[in-house]
Amino acid sequence: MSRAAVMRVLAALVLGANALIRVADAQAPATAIVHAKLYTMESVQPIEDATIVLREGVVLSVGASLEPPAGARIVDASGHIVTPGFMSAGTQLGLLEISSLPDTRDYALASGPLGAAFDTQYALNPNSTLLPRARGDGLTRAVSFPDGSPVAPFLGQAVLLRLAPDPADLLERAHVAMFVKVGGAAAASAGGSRSASWILLRNALDEAGRYKAPATGVAGPRDQLLGRLDAEALQPVVAGRMPLAIVADRESDIRQALRLHDETRLPVILYGGAEAWRVADELAARRIPVVLDPTLNLPGTYDALGARLDNASLLHAAGVRIAISVLAFHRTYNAGGGARLGAGLAVANGLPWIEGLRALTTAPAAIFGMSDHYGSVRQGLDADLVIWNGDPLEPASAPLQIWVRGVEVEPGDPRERELARRYSPLRQSEWPPAYR
Amino acid sequence: MRDFAAQPYPSTYHPLPRRDTLIRGATVLDGAGRRLEAADLLLREGKVAAIGPGLVAPDGTVIVEAAGRWITPGIVDPHSHNGNFPTPYTGEDLLHTDANEDTDPNAAQVWAQHSINVQDPGFSRALAGGVTTLQIMPGSMNLFGGRTIVLRNVPASTVQGMMFPDAPFGLKMACGENVVHSYGDKGSFPVSRMGAIAGQRTAWTQARKYLEDWRRFARGDGKPPDVDLKLDTLAGVLTGDIRVHVHCYRADDIAQMFDMAREFGFSIAAIHHAAEGYKIADLFAREGACAAVWPDWWGFKREAFDAIRENAAYLHAAGACVAMHSDSNISGQRLTIEAAKSVAAGARAGIRIEPEVAIEWVTHNPARMLGLDDRIGTLEPGKFADVVIWSGDPFSIYSHVDQVYIDGALAFDRSDPARQPGSDFELGQPSAARRGAHAP
């Protein structure tokens with residue numbers, strides 16, 4: 001048993017009732033996936049005829065033609081491709097049900113005092129219908145980030161999700177990144193110029209750096225712009241423990257982000273980055289990763305006049321780490337399929353195929369500090385695994401079997417499956433569909 | 001008698017310079033349900049002249065070797081906003097666009113052709129995705145959104161230069177949430193679905209009288225009615241000269257539209273979006289209306305919550321006419337991939353759809369929707385020579401469009417920058433300039 005698994009069992013033991021379940025799990029037989037064409041993500045070439053043994057939520061062993069342990073449940077992958085479960089580096093999963101209905105949206109603030117302090121973790125809905133669909137498309141991890149606050153240029157703080165079936169297991173970690181947005185449409189909230197966005201961001205970091213938790217009844221300086229909650233929320237950012245995720249497309253804004261990084265040494269993740277290819281070498285030199293949408297090839301806004309289909313390929317060639325978050329509603333409603341299509345399109349336009357897979361696994365894992373438990377298939381890591389019916393980067397492909405942290409979940413979208421069953425042309429009835 | 005479908009702003013389209021061309025040795029999906037291996041396709045004087053193995057080209061014919069590549073008819077996008085919702089988008093677009101005249105729920109008098117910005121970069125991107133014909137739609141904020149326009153996807157300095165000669169007009173109608181929200185949120189009519197239907201029935205009733213007044217005048221009975229541009233469009237529908245395209249999601253809403261068509265004696269060419277089409281697939285088959293659908297858009301509003309990926313396959317299995325549409329300048333560059341997603345969902349549900357059938361969803365069937373299947377949509381001899389050569393299987397994300405022919409002219413060539421048209425807007429933009437070692 002790996003150290004991680006031991007730690008998990010120990011943690012369970014101190015959690016009372018849970019411990020009984022965990023102990024029972026530990027005695028459960030292992031699962032062995034055999035005859036897999038396994039892309040571990042640790043090398044370019046697959047392991048042919050691979051065996052992957054999982055138990056207690058983690059991978060116990062991996063290798064070519066390994067003999068499964070006695071008593072293991074055998075799953076025959078029949079030569080199909082197996083990959084880690086995928087990860088989208090940018091969604092609003094758990095924060096959104098029907099986007100046209102404000103009652104069902106929790107990812108953005110239109111008013112109120114919160115900016116940097118807007119932490120989305122308290123809104124997460126594990127029973128959202130969007131979660132099983134994303135999971136059933138092969139997505140096992142996701143960043144869910146806020147998309148608006150009244151305190152420019154802050155959007156708020158993102159959370160890291162694991163799309164496990166247990167509702168209590170959804171939140172992997174809160175406070176994973178502080179999101180800010182600059183540029184065209186976002187400038188309005190800063191007063192009308194992106195320059196104000198940068199000035200406000202720099203000021204906020206400056207004020208947060210000087211911020212001391214006040215003794216009871218003592219206010220901050222009278223000219224401090226930052227509220228107490230926002231200043232406190234920025235403490236891990238100014239301490240360099242929480243990355244600053246800067247949403248920007250235009251080259252000038254990307255260069256401002258580089259400059260801010262150079263001056264503050266704060267960790268930065270670039271989101272969007274339509275024109276990031278123009279700054280590829282500079283991003284690579286600073287090891288700033290880019291989370292991008294490979295489908296963007298139109299001047300969709302005046303900030304994205306340089307958008308092109310080989311953005312991902314050019315960034316990779318320069319040595320920039322890339323992950324995927326497609327825009328519009330595919331980002332969340334089709335978080336799994338949308339991310340796969342994005343990676344596939346990047347590959348069609350020059351990105352090596354294995355890098356398309358890495359943009360959905362090891363790259364976001366590294367960006368968000370998850371590599372010790374997620375991203376590749378290796379002994380001791382979480383058993384997030386997908387058996388695919390074809391090339392996972394082809395939009396027509398789909399998962400055959402999926403495990404999230406060792407728990408097998410059903411492929412496809414359960415609600416969609418119920419509707420499809422009810423209205424299937426292959427099964428007719430004299431009774432109205434509601435009886436089927 | 002007044003011609004309600006007259007075109008006083010007529011097409012000036014001329015085919016691009018062209019040469020007779022023989023494409024040899026490709027896998028052909030002809031759009032008429034056939035798949036041919038190692039087949040040749042001869043394009044002569046802008047028409048498909050012959051298709052089959054071992055064709056012989058007359059002297060002077062350009063020969064294109066396409067062994068290992070795939071050929072399909074030109075892709076037809078029956079629902080695009082290229083030109084009337086052009087990039088780049090700005091904050092202004094939140095206030096007003098050229099796609100919706102949402103000042104009156106009956107905007108039957110507006111024509112999409114009067115909004116088109118021919119310099120929308122979306123046109124050239126769609127061309128690089130194999131799109132040869134597009135229907136540009138008014139938006140869905142109105143009960144009657146206005147007339148649609150069908151364009152050839154060739155660059156021109158005026159919309160007249162892009163208009164598909166002698167293509168029928170369409171009328172965009174809408175039901176459901178968008179209309180009710182756009183007016184209801186302002187507190188004006190209609191604020192409900194029943195109000196929306198009443199608004200449409202009232203307009204059709206007026207149009208019926210308007211048409212009867214013109215017919216009476218044509219019989220020499222009295223004075224001509226005052227010309228009414230709104231009622232012109234609706235009367236053109238009642239005479240069968242203007243095709244009806246309805247934006248509608250829910251099964252129960254769609255059924256209301258079919259009954260409305262019967263009440264006033266017109267037919268519906270297509271229901272667009274049809275998120276719940278699968279719930280009434282047999283009704284689509286009986287009515288003969290096409291369903292123009294997305295493969296996987298769902299959930300973004302209440303009436304899209306039951307959209308399932310099996311939608312297209314279920315409609316197809318019931319015998320309905322299915323077309324993929326984009327409503328997007330991004331997915332509109334990859335309509336074959338959209339079809340591939342729907343085919344895959346069908347296969348998972350036990351409905352097998354072969355590539356030679358699926359290609360009809362993006363060629364022949366949208367051409368039927370537009371009333372143009374006598375001219376485009378298949379590679380049968382005599383049809384317009386709209387052809388796409390793909391580097392591989394058109395349903396694979398890794399395949400590229402190598403060449404696009406429109407009326408027999410090479411309108412796009414992936415290997416020849418001189419045959420890659422671009423918008424004036426994108427000229428001289430420093431941030432788009434290809435530079436340095438990374439230039440392709």
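**Working through the model**

Me: Let's begin with A:Ser65: buried or exposed?
Reply: A:Ser65 counts as exposed, because it has 11 C-beta neighbours inside 10 Å. The cut-offs are 20 or more other C-beta atoms within 10 Å for buried and 12 or fewer for exposed, with partly exposed in between, and the C-beta atoms are placed from the backbone. Bear in mind that this is a predicted model: local features need pLDDT of at least 70 and side-chain atom pairs count only at pLDDT 80 or more, while totals for chains, interfaces and linings use all residues. As for names, residues are numbered from 1 along each chain as its sequence is written, and chains are lettered from A and ligands numbered from 1 in the order in which they are written.

Me: What is the phi of A:Ser65, and where does the residue sit?
Reply: Its phi is positive, about 55°, although A:Ser65 is not a glycine. A:Ser65 is in the loop between β3 (58–64) and β4 (73–76) of chain A. Here helices (H or I, at least four residues) and strands (E, at least two) are DSSP runs, numbered from the N terminus.

Me: And what about A:Arg265?
Reply: A:Arg265 also has a positive phi, near 60°, and it lies in the loop between α8 (251–264) and β11 of chain A. It is exposed, with 10 other C-beta atoms within 10 Å. For background, most residues other than glycine have a negative phi, and most peptide bonds are trans.

Me: Which peptide bonds are cis, then?
Reply: Two to look at. In chain A, the bond from A:Ala152 to A:Pro153 is cis, with omega near 0°, and A:Pro153 is in the loop between β7 and β8 (154–162). In chain B, the bond from B:Phe189 to B:Pro190 is cis, with omega near -5°; B:Pro190 lies in the loop between α3 (177–184) and α4 (193–218).

Me: Switching topic: how many residues of each chain make the A–B contact?
Reply: 44 residues of chain A are in contact with 46 residues of chain B, where contact needs C-beta atoms, placed from the backbone, within 7 Å. On the chain A side, α10 (311–318), α11 (335–348) and α14 (414–422) each supply at least two residues, and α11(A) has the largest share, 6 residues.

Me: How do β10 and β11 of chain A run?
Reply: They run parallel, with 5 bridges joining β10 (residues 244–248) to β11 (residues 268–272). A:Ile246 stands opposite A:Leu270 in β11(A).

Me: Which residues touch the most other members of the largest nonpolar core?
Reply: A:Ile52, A:Ala245, A:Ile246, A:Leu270 and B:Leu41 do, out of 270 residues. Such a core is a set of buried Ala, Val, Leu, Ile, Met, Phe, Trp, Tyr and Cys residues joined through C-beta atoms within 7 Å. α11(A) gives the most to this core, 8 residues.

Me: Why does this core lie between the domains of chain A?
Reply: Because domain 1 (3–84 + 387–419) and domain 2 (86–374) of chain A both give residues to it. The bounds come from an automatic or database domain assignment. The C-alpha centres of these two domains lie 29 Å apart, and their contact takes 23 residues from domain 1 and 26 residues from domain 2.

Me: Last one: is B:Lys383 buried or exposed?
Reply: B:Lys383 counts as buried, because it has 22 C-beta neighbours inside 10 Å. It is in the loop between α11 (364–369) and β14 (387–390) of chain B.

Technical notes
Two residues are in contact if their C-beta atoms, placed from the backbone, lie within 7 Å. Two strands pair if DSSP finds at least two bridges between them.
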